[in-house]
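Hi everyone, thanks for coming. Let's have the structure up on the screen and walk through it together.

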Amino acid sequence: MSFIYSCLIRCAVPFAYAAILWRGVRDRSYWQGLAERLGFGPALPAQGIWLHAVSLGEMSAAAPLLKALRVRFPDIPLLLTTATPAGRARARALLGDNQGTVRFLPYDTPGSVRRFLARTRPRVAIIMETELWPNLFGACARGAIPVLLASARLSAKSVSQYRRFGRLFSDVFSKNLLVAAQTADDAARFKSIGAPEEQTRVIGNVKFDLQLDLGSVEAGRNLRAAYAGTRPVWIAGSTHAGEDEQLLDAHASLLKAQPSAVLLLAPRHKDRFAAVAELLTRREIKFARRSQMTGSEMTGGEGRVATRLQSDTTVLLVDTIGELSALYASADVAFVGGSLVAIGGHNLLEPAALGLPVLTGPSYFNAAEIARLLLARGAALQVASAETLAAVLKRLLDDPAMRERMGLIGKEIVAANRGSVARLLALIEAWLPAEHRAAAWQAYR
């Protein structure tokens, strides 16, 4: 099975590489680091801690763990890998200047993996959430590189898919691999596909350990004052194709009751910005682009500035990257996308931690336990259609006390569930020499 898998991966790489080249025609960031996808790149001068997060969302979720690693092990260099240009940009922003190395994860062919590990020589590998690569994990096992699946999650659907491949994926759970699952259900699913009991832990979700950037919060307040003033504002973050239409229908209904309301529409992927702009134009909706806003008040979001929206502008298209936290902070209510279509939803905790009422559609299986917790406690509400979304938005925008009550509950939930990062650090410590541990760590904790 392993031989067949490697042959299939080798056959797939030319097509995957061609797809990257094609996407680079419209977005040149896809042409960055092309050789890295085949395992090439300069050799790193010292062995370090390797952290992999597949895309922008996972890289952002890993920020608290990354910060803790830098504080706990200041003498050990960091290597961050990702699979997308947006994830790469986020990784560079998190590291700052000269704080580590950022690369693309190579394709899972034996040669690419061998070249990558020979050039990077990691002391330990930390893989965020769910990334099971047989050749990569096998090479780590042969090289005695400890692998930690951090904040690991596995859906019931994925279990059946992995089981179809028999020992191919069960063999990735070698003695050097430890599963740090988000929930007991996730741990049970990993065990069902081959993870040994003694190598499986439940540590919680690192997303609860998010640390709000006070600068982003202040930027959100300034941004709100600049573009909307006293107008009611709701945001739809991380939206997908097939969802934007429903959100715009809901906003059109809301405008009948709240004519001055503003929708901040933030597509999940930047390669959809043009398509969403075309959708708005086709519907003859007066909108502004965040990337084109100019004026005198600084927002703090990547140095951009903003002017007051015209009174007949009802939608602000967020065609920028890295500002979502500040934009959430500028709104009254937050809808989190990927949930009115069968995507599985995105991070509900960021708006909850900011004290916003959170709305989600019925598709939230990517973080079902978080969604159920927020819904059960009253920090979030579920909507099933454009009609119900419009009705809930009207109720919330008309009731500041209800918004405040939901927001406070959300903040309490986030605060009560912190601690996953500290538990992960305790596992990582066992693999790294004591002399590299910062003396100031106890103060940090």
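By cavity I mean a set of points, on a 1 Å grid over the protein atoms alone, where a 1.4 Å probe fits but cannot get out. A volume is the space filled by probe spheres set on the points, with grid points joined across faces, edges and corners.

Before going on, please note that this is a predicted model, where local features need pLDDT of at least 70, side-chain atom pairs count only at pLDDT 80 or more, and totals for chains, interfaces and linings use all residues. Residues are numbered from 1 along each chain as its sequence is written, and side-chain values use heavy atoms, with hydrogens and water left out.

The largest cavity has a volume of about 40 Å³. What lines it? Lining residues have an atom within 4 Å of a point, and here they are V336, G337, S339, G344, G345, H346, L348, T360, Y364 and A367. By class, that is four nonpolar, six polar and no charged residues. Ala, Val, Leu, Ile, Met, Phe, Trp, Tyr, Cys and Pro count as nonpolar, Asp, Glu, Lys and Arg as charged, and the others, Gly among them, as polar.

Now the second largest pocket, with about 330 Å³ of space. A pocket is an open set with protein on both sides within 12 Å along at least five of seven lines. This one is lined by 19 residues, and S2, P134, N135, G138 and R142 lie nearest its centre. Helix α6 gives the largest share of the lining, seven residues. Helices here are DSSP runs (H or I, at least four residues), and strands too (E, at least two), numbered from the N terminus.

Finally, look at α16 (residues 386-397) and α17 (residues 400-416), which pack at an angle of about 100 degrees with their axes 6 Å apart. They are therefore roughly perpendicular (65 to 115 degrees) to each other. R395, L396 and L397 of α16 meet P400, M402, R403 and M406 of α17, contact meaning heavy atoms within 4.5 Å. Those residues divide into five nonpolar, no polar and two charged.

Key. Axes fitted to C-alpha atoms, helices over the stretch in contact; angles between N-to-C directions. Parallel < 35°, antiparallel > 145°, perpendicular 65-115°, else oblique.
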